[in-house]
Amino acid sequence: MTHRLEVNGAPFDVRASGLEPLSRVLREQLGLTGTKVACGRGECGACTVLVGGRPRLSCTVPAVLVREPVRTVEDLADETAQLRAEFADRGAFQCGFCTPGQVVTAWAVLRDEADRPADGRRERVAHAMSGVLCRCTGYQAITAAICHVAETPDEPTGSP
Ligand code: FES
Ligand code: FES
């Protein structure tokens with residue numbers, strides 16, 4: 001069946017049947033391969049996208065049930081430029097397979113942190129990011145990068 005999706009600000013009529021996951025539609029019909037699929041069963045967070053502004057595991061969401069706007073990592077490129085630079089400077093990725101899911105999730109974390117006190121931030125960030133599994137980095141650099149951006153949101157990228 002055909003289903004209308006709004007993805008990255010544009011409407012698309014996609015073919016989706018039954019439980020076909022949003023992740024597959026994004027990657028195979030819309031060519032948005034920035035969204036990665038690792039476990040394919042809701043356990044790793046690699047496939048995270050924004051649905052209605054909240055992070056969702058796109059491998060577990062049937063595309064035909066999506067009614068709210070979808071944003072993928074490609075659409076967040078400008079808004080995550082500082083964050084991605086921090087990831088690079090701090091070695092917050094190695095193989096990079098989890099990184100799109102980390103970046104999308106971190107975008108939402110940073111939005112939420114804008115209204116929160118600095119006290120307890122590191123713990124909140126670490127908890128929020130714990131659903132996106134990384135087998136390479138150990139999370140210290142990921143958490144540090146996000147906290148740095150939360151604390152210096154206007155600082156030019158590449159700063160210490
Ligand atoms: S690929 Fe979706 S949670 Fe792992
Ligand atoms: S950088 Fe390799 S899994 Fe996270």
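Buried, in what follows, means under 20% relative accessible area, exposed means over 50%, and partly exposed is in between, with a 1.4 Å probe and protein chains only. By that rule, 44% of the 160 residues of the protein chain count as buried.

Some ground rules. This is a predicted model, where local features need pLDDT of at least 70 and side-chain atom pairs count only at pLDDT 80 or more, while totals for chains, interfaces and linings use all residues. Residues are numbered from 1 along each chain as its sequence is written, chains are lettered from A and ligands numbered from 1 in the order in which they are written, and side-chain values use heavy atoms, with hydrogens and water left out.

The overall fold comes next. The protein chain has five helices and five strands; helices are DSSP runs of H or I with at least four residues, strands are runs of E with at least two, and both are numbered from the N terminus. In sequence order the pattern is β-β-α-β-β-β-α-α-α-α. The radius of gyration is 16 Å, close to the 15 Å that the globule rule gives for 160 residues, so the protein chain is as compact as a globular protein of that length. That radius is taken over C-alpha atoms, and the rule is 2.2 Å times the number of residues to the power 0.38. Along the principal axes, the C-alpha atoms fill a box of roughly 50 × 30 × 25 Å.

Contact here means heavy atoms within 4.5 Å. Of the contacts between residues at least 6 apart in sequence, 58% join residues at least 24 apart. The accessible surface is about 8,200 Å², and 50% of that belongs to carbon and sulfur atoms. Those areas come from the Shrake-Rupley method with a 1.4 Å probe, and for residues only the protein chains shown count as cover.

On charge, there are 18 positive and 20 negative side chains, with the centres of the two sets 7 Å apart. Lys and Arg count as positive, Asp and Glu as negative, and His and the chain ends are not counted. Each charge is placed at NZ of Lys, CZ of Arg, CG of Asp or CD of Glu.

Now the cysteines. The structure holds zero disulfides, a disulfide being a pair of cysteine sulfur atoms within 2.5 Å. C59 counts as buried at 12% relative accessibility, and C134 is buried at 12% as well.

Next, helix α1. Which residues of helix α1 are buried? In this helix, residues 22-29, they are L22, S23, V25 and L26. An α-helix has 3.6 residues a turn, so residues three or four places apart point the same way. The buried residues of α1 pack against four strands: β1 (2-7), β2 (10-15), β3 (48-51) and β5 (70-71). Just after α1, G31 takes a positive phi of about 70°.

Is E20 buried or exposed? E20 is buried, with a relative accessible area of 17%, whereas L19 is exposed at 73%. Setting aside neighbours within four places in sequence, E20 is in contact with R15, V25, Q29, V61, P62 and A63. For L19 and A141, 122 residues apart along the chain, the C-alpha separation is 36 Å.

Back to backbone angles. Most residues other than glycine have a negative phi, and most peptide bonds are trans. N8, not a glycine, has a positive phi of about 55°, and its place is in the loop between β1 and β2. Y139 also has a positive phi, near 80°. Y139 sits in the loop between α4 (121-129) and α5 (140-151), and is partly exposed, with a relative accessible area of 23%.

A114 lies between α3 (99-113) and α4 and counts as exposed at 61% relative accessibility. Its C-alpha atom is 25 Å from that of G138, 24 residues away along the chain. D78 is in the loop between β5 and α2 (81-90), exposed at 73% relative accessible area. D78 and V61 are 17 residues apart in sequence, and 26 Å apart from C-alpha to C-alpha.
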